[in-house]
Amino acid sequence: MINNSQQSKDTTPLLHREGQGGGSALKQIAILGSTGSIGTQALQVIAAHADRFEARILTANNRWQLLAEQARQFLPAAVVIANEAHYEALRDALSDLPIAVYAGADALCQVVESDEVDMVLTAMVGFAGLPPTIAAIRAGKPIALANKETMVVAGELINRLCREHQVPILPVDSEHSAIFQSLIGEVSPIEKIILTASGGPFRTFTKEQLQTVTPQMALRHPNWDMGAKITIDSATMMNKGFEVIEAKWLFDLEPDQINVVVHPESVIHSMVEFVDGAVIAQLGCPDMREPIGFALSFPRRLTVGNKKLDFATLRDLTFEAPDTSRFPCLALAFEALRRGGNAPCALNAANEVAVAAYLKDLISFYDIAKIGERALAGVDFVAEPTLEDIFETNRETAAIADGYLH
Ligand code: NAD
Ligand code: MG
């Protein structure tokens, strides 16, 4: 959990500031999911700042050729391919280099524990990001968190672990980075936060039109170039719902303190309102290298090669209320948050199954929400889940949701 103001309750571990210099050692980064959208952009930041960072560990699920290329360029100490079927191909591709090659989900947990790792960037997608994130926290590694599903499914437990191990979480998600940046130097409590949403590719579609939208249409996001799963989540607005839950745990908020506003230009990345009505916002061109760079180098800012805002040509910043009748996933996420316990985990599990099915053209756009709704209604509710409960909820809900498809 992050919190850099004195408003934190004592349940909230304070974000400690990274040292600024003092020793010339490079910061060693482990990237979980280096071949994805966030992972490749993080490597661009690292490559541009080779005087500050070194990519120590790189990992991927299936794209072993790209992982091998990245390893050849960045010469990490180790690489992990989660899908063991690609192990030999990857090992052979790197046989001339002094790079350890591992395979399997357990190896992801082991490599992040290495003494040489200074920070772990969690850029994997989905529930699969939870176990290695837990391993990293237990090993005392600061987390640059892109994998929002970790906080959605187990935010309370993750916060507890972070307190226990004195581990800071630095947000990579642009909205949460914006809030984090807006809080720097503040000592007053947050009145509310306003998460901005682009509205996705279907913002202006009618309910009728939404019934027939295809994954190919959804994959054309207007402002952000992201992995397939989060792109679909953006189109349904489940992504914003998950970000609401992520914000709850990162900033210690009540559900009523979290507001969502649609802002199609994606220039304001999110805002914080204080008791005196002052609203602090963070703005920029939409480019994930900015929040990635800030998470990696906090409290310092880095050049990241992004386009800068030009206020003279920036004519309109527009806002509208989200429409949960057309985008019911956002309301489902709020409901899961209010119910608490393992409800968000169940919603996430059902959503992962539904999005994968939608991407294969097996179900329609609104089936994603329907599957989420059924999962929430049917979950064996546990008010204070242990980690074992979370894994069990994920497994069971995914199996039940899978059953809906057949
Ligand atoms: P992506 O699909 O482009 O990349 C995912 C990465 O994780 C790949 O390297 C893949 O090999 C790896 N991976 C996937 N499943 C895995 C598994 N089961 N085991 C091990 N590795 C696995 O996804 P992305 O868009 O980069 O998103 C990554 C995370 O960051 C997601 O949680 C997403 O919600 C979050 N995020 C992404 C963006 C963005 O702009 N892309 C913005 C904010 C937050
Ligand atoms: Mg986001």
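Author: Helix α7 passes helix α12 in a left-handed crossing (the near helix is turned anticlockwise from the far one by less than a right angle). Helices here are DSSP runs of H or I, at least four residues, numbered from the N terminus. The model is predicted, local features need pLDDT of at least 70, side-chain atom pairs count only at pLDDT 80 or more, and totals for chains, interfaces and linings use all residues. Residues are numbered from 1 along each chain, chains are lettered from A and ligands numbered from 1 in written order, and side-chain values use heavy atoms, without hydrogens and water.

Back to the pair. α7 spans residues 174–183 and α12 spans 289–297. Their axes, lines fitted to C-alpha atoms over the stretch in contact, come within 9 Å and cross at roughly 55°.

Ser174, Ser177, Phe180 and Gln181 of α7 meet Glu290, Pro291 and Phe294 of α12; contact means heavy atoms within 4.5 Å. By class, that gives 3 nonpolar, 3 polar and 1 charged residues. Asp, Glu, Lys and Arg count as charged; Ala, Val, Leu, Ile, Met, Phe, Trp, Tyr, Cys and Pro as nonpolar; the others as polar.

Now the metal. Asp173 (OD), Glu175 (OE) and Glu243 (OE) coordinate the magnesium ion (ligand 2) at 2.1 to 2.2 Å. Donors are N, O and S atoms within 2.8 Å of the metal, or 3.2 Å for Na, K and Ca; water is absent, so sites may look incomplete. Along the chain, the donor spacing is D-x1-E-x67-E. Asp173 and Glu175 are both buried, meaning under 20% relative accessible area with a 1.4 Å probe, protein chains only.

Notes. Buried means under 20% relative accessible area, exposed over 50%, partly exposed in between (1.4 Å probe, protein chains only). Axes are lines fitted to C-alpha atoms, for helices over the stretch in contact, and angles run from 0 to 180 degrees between N-to-C directions. Helices (H or I, at least four residues) and strands (E, at least two) are DSSP runs, numbered from the N terminus.
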